[in-house]
Amino acid sequence: MAEKVVLLDFWASMFGMRVRVALAEKGIKYEYREEDLKNKSDLLLQMNPIHKKIPVLIHNGKPICESLIIVQYIDEVWNDKSPLLPSDPYKRAQARFWADFVDKKVVDAWIKLRSTKGEEHEAAKKQFLEILKTLEEELGEKPYFGGETFGFVDVAFVTFYSWFYTFETFGEFSTEAEHPKIIAWAKRCMQKESVAKTLPDQQKVYEYVLGVTKRSLGE
Amino acid sequence: MAEEVVLLDVWASMFGMRVRIALAEKGIKYEYREEDLRNKSDLLLQMNPVHKKIPVLIHNGKPICESLIIVQYIDEVWNDKSPLLPSDPYKRAQARFWADFIDMKVYDTGRKLWSTKGEEHEAAKKQFLEILKTLEEELGEKPYFGSETFGFVDVAFVTFYSWFYALETFGEFSMEAEHPKIIAWAKRCMQKESVAKTLPDQQKIYEFVLGMRKRLLGE
């Protein structure tokens, strides 16, 4: 039976990108549908009535929501190539822990970075750099968070690389200067076709965010 | 080799209770260690340096953190009895989605019920009842969220039952009146030894929350 895979997504979403990277890693053909987040499609509202958010994977008509849940689903269903999660339960628990860490910390820190000034902004910048430091320590000397091969935590975090120029500009810091290992790791991931073909240009993301920020500030 | 299982926890934590239920479901012997959150043990800080939170499961000296990650780990390692996650990948994705929904929504909104006043409190009450309605709809006519058998989502949510009296009292509503199916489901779960022996008395939790509220609001 032919598989039908549809992805409801938004080009700049680091969460949607995770799903795109996973689908590419597995060589899965799918239909990409761009959502206008200010005018969500009936399909999106029907497929994700609880959160009304992208990404949503629709596999043979059935929806799966929440990017990390979708990536695990993809890994379990298309289990013939490019395993993303480790087979060992302890290593699997660690991978889930670090992907969860990225989810819990990075976005909140970014929101603080873009919406504060003065002392609060300085604190937000400090917090953001602490998070990168923690991730850098976890990476250690490994080529990937997954160890020898690109895995779940790499998928969870590398999509944020397309937002680095944005973070750095709003945050007034240089990731290369502060955390060069993270940049080295990201560039290593970008050598993979699944990542290179998925991540949008950092400048494009910045212009998008600038536009959104200006509109929200009424500038 | 003898398994060594240690759980760092706090008696009133609905997150810690999830782990205790999973361990009981699987018949795993373990050492329970009560933490004082105002004076965290060196062991806790060493085993969970990133979040410094309970619960932490220590299996043969190696830590696993985050309650839902721990429950999945327990289910994968002790896979000979009482499966908590479904074997079908799609059903597994749905189970993860609903457990994640509970994590995202129930605790934070519930907390506002006992820690806020006035308009904020009214908004929190409305939001909390909406959340319960959504969960009640998801449960439908099934005996458990896991369908015929007690599963992952049941473990994720039933621990909040011990907090219901506190939440109802501070929230100024009756669970039984507003969402009787949830109460029926919770009582069904309480017929299981693993749940009944784990969940503390609702009155005890109420007194604990009363104490926290006094400290927070100075009443």
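Predicted model: local features only at pLDDT ≥ 70, side-chain atom pairs only at ≥ 80, totals over all residues.
We start with the interface. Interface size is often quoted as the accessible area that is lost when the parts come together. Here, chain B and chain A bury about 2200 Å² between them, and carbon and sulfur atoms account for 68% of that area. In terms of residues, 26 from chain B and 26 from chain A take part in the contact.

Charged and polar pairings turn up across the interface too. Chain B and chain A are linked by five salt bridges. As for polar contacts, nine residue pairs make them between chain B and chain A, counting pairs with both residues at pLDDT 80 or more.

Three elements of chain B each put at least two residues into the side that touches chain A: strand S4 (62-65), helix H3 (67-77) and helix H4 (89-115). The largest share belongs to H4(B), with twelve residues. Sorted by class, the chain B residues that touch chain A come out as 14 nonpolar, five polar and seven charged.

Turning to the inside of chain A, helix H5 (residues 118-139) packs against helix H9 (residues 180-190), their axes coming within 9 Å and crossing at roughly 65 degrees. The handedness of the H5(A) and H9(A) crossing is left-handed. On the H5(A) side, the contact is made by Leu132(A), Leu135(A), Glu136(A) and Leu139(A), while H9(A) brings in Pro180(A), Lys181(A), Ile182(A) and Trp185(A). That gives the contact of H5(A) with H9(A) six nonpolar residues, two charged ones and no polar ones.

Chain B has its own H5 and H9 to look at. In chain B, the axes of helix H5 (residues 118-139) and helix H9 (residues 180-190) come within 9 Å, with a crossing angle of roughly 65 degrees. H5(B) and H9(B) cross in a left-handed way. Leu132(B), Leu135(B), Glu136(B) and Leu139(B) of H5(B) make the contact with Pro180(B), Lys181(B), Ile182(B) and Trp185(B) of H9(B). By class, the contact of H5(B) with H9(B) holds six nonpolar and two charged residues, and no polar ones.

Terms used: Residues numbered from 1 in each chain as written. Chains lettered and ligands numbered in written order. Heavy atoms only, no water. Contact = heavy atoms within 4.5 Å. Buried area = accessible area lost by both parts, 1.4 Å probe. Salt bridge = Lys/Arg side-chain N within 4 Å of Asp/Glu carboxyl O. Polar contact = N/O pair within 3.5 Å; in protein donor to acceptor, adjacent residues only side chain to side chain. Helix = DSSP H or I, 4+ residues; strand = E, 2+ residues; numbered from the N terminus. Nonpolar A, V, L, I, M, F, W, Y, C, P; charged D, E, K, R; others polar. Axes fitted to C-alpha atoms, helices over the stretch in contact; angles between N-to-C directions. Left-handed = near helix turned anticlockwise from the far one by under 90°.
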